[in-house]
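Subject: The structure we talked about

Hello,

Here is the structure I promised to pass on. Have a look at it first, and then read on for my notes.

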Amino acid sequence: MRFAELAEYLEKLEGTASRLEMTRILAELFSKTNPQDARLVAYMTQGRLGPAYKSPDFGVADKMMVRALGEGADELFKKTGDLGKTVEELKSQFSSYKSQASHNLSISQVYKQLVDIALAGGEGSQELKIKLIGELVNQLSGKEAKYAVKMILGKLRTGFSDMTVLDALSWMIGGDKKLRPEIEDLYNIRADLGEVAEKVKRDKGVKGKLGPQMGVPVLMARCERETSAEEIWERVKPAGAAEYKLDGLRIQAHVQNSKVTLYSRGLENVTAMYPDVCEGLAKQIKHNCIVEGEMIAVGRNGRFLPFQETVQRKRKYNISEMAG
């Protein structure tokens with residue numbers, strides 16, 4: 001599939017507030033993809049380059065994007081307030097931009113260039129990112145460039161969740177949402193929307209199951225509310241139990257050959273935030289496994305700390321100081 005076609009669908013999605021209509025638009029989009037492109041579409045329609053737990057950050061802010069877009073971008077951005085619209089207008093106004101647009105890049109070609117931009121690092125990385133963005137924009141039409149720029153800036157606002165994509169995959173197969181529970185079962189075990197989309201396209205439906213895989217988080221079950229204690233007991237018949245709620249941070253740990261990877265309830269990779277937890281799990285767990293539970297900070301007196309203190313451990317900086 002060409003990236004120009006994806007841009008057309010992104011424009012349609014951007015222009016609707018109806019979830020049902022979004023589902024139909026996505027179903028039509030997925031119906032036109034091959035399995036490999038379906039994986040990329042599942043990521044790119046949400047402005048990502050991979051699943052939530054493994055999608056690299058572009059590290060590009062507005063000022064850097066203005067530099068990448070070059071002549072006229074700064075003044076035009078002041079008027080539009082939107083760099084996606086800015087690049088679209090630039091492409092329509094300047095013949096030098098128009099002549100370089102090929103309109104023929106595939107989704108996979110654009111995806112590869114986006115990955116190169118995101119992974120550019122080290123000394124001189126800003127200038128390299130600017131160069132790569134400029135090269136990509138020059139190859140795209142105004143509409144294509146608009147959505148590529150929005151993806152890079154993390155400002156693609158399509159307005160739907162992973163669950164809408166699962167509905168769309170069901171709709172693509174049968175014209176309704178009846179297969180959503182079966183597709184969701186796949187996603188619950190392997191929380192990688194791209195992998196699920198690719199499998200459904202390849203199988204032309206829902207065939208077989210996916211087992212847990214080390215390094216791919218299992219979607220964590222969440223509690224469901226009831227309006228009264230009576231309804232809770234009715235629901236857990238014939239037997240039920242209750243215990244104190246220990247309020248901490250929900251963590252899923254994947255332990256493989258003493259290597260520990262931690263995921264939050266929102267599927268964020270938080271391994272670097274808790275080196276002491278990783279060290280403890282690596283010492284205590286002797287078999288490859290996936291474990292999940294509540295992570296609670298403990299004071300020097302051996303007592304659990306309040307949630308407000310536990311949550312302070314979730315940070316990107318000064319990690320060792322807080323761990324102490």
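Let me start with one side chain: at 34% relative accessibility, Glu14 counts as partly exposed. Please keep in mind throughout that this is a predicted model.

**Salt bridges**

What does Glu14 meet in a salt bridge? The partner is Lys146, with 3.6 Å from N to O. Glu14 belongs to helix H1 and Lys146 to helix H10, so this pair ties together parts that lie 132 residues apart in sequence. Lys146 has a relative accessibility of 9% and therefore counts as buried, since the cut-off for buried is under 20%. In total, the structure holds 26 salt bridges.

A second pair to look at is Arg48 with Asp162, whose side chains also meet in a salt bridge at 3.6 Å, N to O. Arg48 sits in the loop between H3 and helix H4 (62-69), while Asp162 is in helix H11 (residues 162-174), so parts 114 residues apart in sequence are tied together by this pair. Asp162 is buried, with a relative accessible area of 14%.

Arg180 is in helix H12 (residues 180-189) and Asp167 in helix H11, and the pair, 13 residues apart, links distant parts of the chain. Are these two residues buried or exposed? Both Arg180 and Asp167 are buried. There is also a network, in which salt bridges that share partners join Glu14, Asp82, Glu88, Lys146 and Lys150.

**The chain as a whole**

Stepping back, the chain has 17 helices and three strands. Its C-alpha trace spans about 70 × 50 × 40 Å along the principal axes. Of the 324 residues in the chain, 44% are buried. Among contacts with a separation of 6 or more, 65% are between residues 24 or more positions apart. The chain exposes about 17,700 Å², and carbon and sulfur atoms supply 51% of that area.

Six of its eight residues are buried, so E1 is largely enclosed by the rest of the structure. Which strands does E1 pair with? One is strand E3 (residues 289-295), in the antiparallel sense over seven bridges, and here Ile251 stands opposite Gly293. The other is strand E2 (residues 259-264), again antiparallel, over six bridges, with Ala253 opposite Leu262. E1 and E2 form a hairpin with two residues between the strands, and in this hairpin Asn257 takes a positive phi near 50°.

**Helix H8**

Helix H8 (residues 107-119) has 13 residues, which at 1.5 Å a residue should span 18 Å; the end C-alpha atoms are 18 Å apart, so the two agree. Which residues of H8 are buried? They are Ile107, Val110, Tyr111, Gln113, Leu114, Val115, Ile117 and Ala118. An α-helix has 3.6 residues a turn, so residues three or four places apart point the same way. The cover over the buried residues of H8 includes H1, helix H3 (35-44), helix H9 (125-139) and helix H10 (142-153).

**A few places at the surface**

Helix H1 (residues 3-14) also holds Lys12, which counts as partly exposed because its relative accessibility is 41%. Apart from neighbours within four places in sequence, Lys12 is in contact with Ile25 and Glu28.

Lys207 is placed in the loop between helix H13 (193-203) and H14. At 52% relative accessibility, Lys207 counts as exposed. Between Lys207 and Val218 the C-alpha to C-alpha distance is 19 Å, and the two are 11 residues apart in sequence.

Lastly, Ile232 is in helix H14 (residues 229-235) and counts as partly exposed, at 42% relative accessibility. Together with Trp233 and Val236, Ile232 makes a nonpolar surface patch of about 280 Å².

Happy to go through any of this with you.

Best wishes

Definitions and conventions
Residues numbered from 1 in each chain as written. Predicted model: local features only at pLDDT ≥ 70, side-chain atom pairs only at ≥ 80, totals over all residues. Heavy atoms only, no water. Buried < 20%, exposed > 50% of the residue type's maximum accessible area, 1.4 Å probe, protein only. Helix = DSSP H or I, 4+ residues; strand = E, 2+ residues; numbered from the N terminus. Pairing = 2+ DSSP bridges. Contact = heavy atoms within 4.5 Å. Patch = residues over 30% accessible without salt bridge, like charges linked within 9 Å, V, L, I, M, F, W, Y side chains within 5 Å. Areas by Shrake-Rupley, 256 points an atom, 1.4 Å probe, with all protein chains shown as cover. Salt bridge = Lys/Arg side-chain N within 4 Å of Asp/Glu carboxyl O. Expected span 1.5 Å × (residues − 1).
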